[in-house]
Amino acid sequence: MRFPYIGSGPYCYANSLAMVLGRGAPEPSAIEVLTGSPFGFQCQDGLAWFDPLGWDPGIGLDNALDLLGWTCERAAGGSAADAVQRLRDAGGPVLVGPVEMGLLMHQPGSGTAIGADHFVVVTAVVDGVVHFHDPHGHPFATLPVDEFTTAWESVSFSYPAQPFTMRTAFRRVRSVDVHDALRACLPAARRLLTPDGERPATAVERFAAHVADGLTDAQTGHLVHFAVEVGARRLADAAAWLGRLGLGAASAVAERQARLVGGLQRPLVGGEGDSAVAILRDLAPTYAELEASLAGSGVPR
């Protein structure tokens, strides 16, 4: 099966889903919004995540597929041999993940688990070699089966995950225009912005206090190598799609959020904690503003 390579590491699951859905798949930017990821903020164990409380990529993938009118088969667990046999039997592209990014040996500097989840698209298993598209800049990557399964078995992430998780047999069960899917996701967006647990504004303020006290190297590395980049991009994509739906007020709030989150990168790289704290305190109230703007546009909850 021929299908295009789509790459961007921080959007690994959205790009992987776009690849396996094939011709006519929505843009990865739309898929990302449909996952619900732009609509919240959480701080867990001193790490900031620009996504909703309790959200993870597996939840997001299932949400996006349902909204788009697709379904698939999901499998997980068992032995490495069982998992590889499932790959062989799939007979088409397989969305695999999460895998431990630090153990993907085709990437420079790999070899140690770092707790970083990643998603790829496996195209074949031939003569003991796994062939796959890695959205982190590596089309047509290859790894020996044992190396691939080592990364696939690891589940050292910030959310519960099962080893050897894969999705295959993607099929459309109803025709849904992407704009209709995006409109349908907005009530859930309102709920994500107002969770039963800690609200985004409170989590941002709490994280700002961490920044004021001084971040560890690991906390800073998480932000400057991943979290800020993906957080700003999610919000920028949300702003663009909200604008296309005619929700100008909500789009403006999301764009302001994107600018604030993107503006964290330089102060964090430069060790300018006071500047980062000021940005975070400007960011905190915007989540309630986004939810209010959606409500004001008639989006039900």
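Visitor: At what angle do H8 and helix H9 pack?

Guide: This is a predicted model: local features need pLDDT of at least 70, side-chain atom pairs count only at pLDDT 80 or more, and totals for chains, interfaces and linings use all residues. Residues are numbered from 1 along each chain as its sequence is written, and side-chain values use heavy atoms, with hydrogens and water left out. Helices (H or I, at least four residues) and strands (E, at least two) are DSSP runs, numbered from the N terminus. The axes of H8 and H9 (residues 248–262) lie 8 Å apart, and the packing angle is about 165°.

Visitor: How are H8 and H9 oriented to each other?

Guide: Axes are lines fitted to C-alpha atoms, for helices over the stretch in contact, and angles run from 0 to 180 degrees between N-to-C directions. Angles under 35 degrees count as roughly parallel, over 145 as roughly antiparallel, 65 to 115 as roughly perpendicular and the rest as oblique. H8 and H9 pack at about 165°. They are therefore roughly antiparallel.

Visitor: Which residues of H9 make the contact with H8?

Guide: Contact means heavy atoms within 4.5 Å. On the H8 side are Val228, Gly231, Ala232, Leu235, Ala236, Ala238, Ala239, Leu242 and Gly243. H9 supplies Ala250, Ser251, Ala254, Glu255, Gln257, Ala258, Val261 and Gly262.

Visitor: How many residues of the contact of H8 with H9 are nonpolar?

Guide: Ala, Val, Leu, Ile, Met, Phe, Trp, Tyr, Cys and Pro count as nonpolar, Asp, Glu, Lys and Arg as charged, and the others, Gly among them, as polar. The contact of H8 with H9 has 1 charged and 5 polar residues. Its nonpolar residues number 11.

Visitor: Are H7 and H11 roughly parallel or roughly antiparallel?

Guide: The axes of helix H7 (residues 200–213) and helix H11 (residues 273–283) come within 9 Å. They cross at roughly 175°. That makes the pair roughly antiparallel.

Visitor: Which residues of H11 meet H7?

Guide: H7 brings Val204, Glu205, Phe207, Ala208, Val211 and Ala212. By class, this contact divides into 9 nonpolar, 1 polar and 2 charged residues. The H11 partners are Gly273, Ala276, Val277, Leu280, Arg281 and Leu283.

Visitor: Which residues of H11 make the contact with H9?

Guide: The axes of H9 and H11 come within 9 Å and cross at roughly 165°. H9 is therefore roughly antiparallel to H11. From H9 come Gln257, Leu260 and Val261. From H11 come Ile279, Asp282 and Leu283.

Visitor: What is the volume of the largest pocket?

Guide: On a 1 Å grid over the protein atoms alone, a pocket is an open set of points where a 1.4 Å probe fits, with protein on both sides within 12 Å along at least five of seven lines; lining residues have an atom within 4 Å of a point. Grid points are joined across faces, edges and corners, and a volume is the space filled by probe spheres set on the points. For the largest pocket, that volume is about 990 Å³.

Visitor: Which element gives the most to the lining of the largest pocket?

Guide: The lining has 37 residues, with Gly115, Ala116, Asp117, His222 and Phe226 nearest the centre. Its classes are 16 nonpolar, 17 polar and 4 charged. With 6 residues, the top contributor is H8.

Visitor: Where does the largest share of the second largest pocket's lining come from?

Guide: The second largest pocket has a volume of about 180 Å³. Its lining holds 11 nonpolar, 4 polar and no charged residues. The largest share is 4 residues, from H6.
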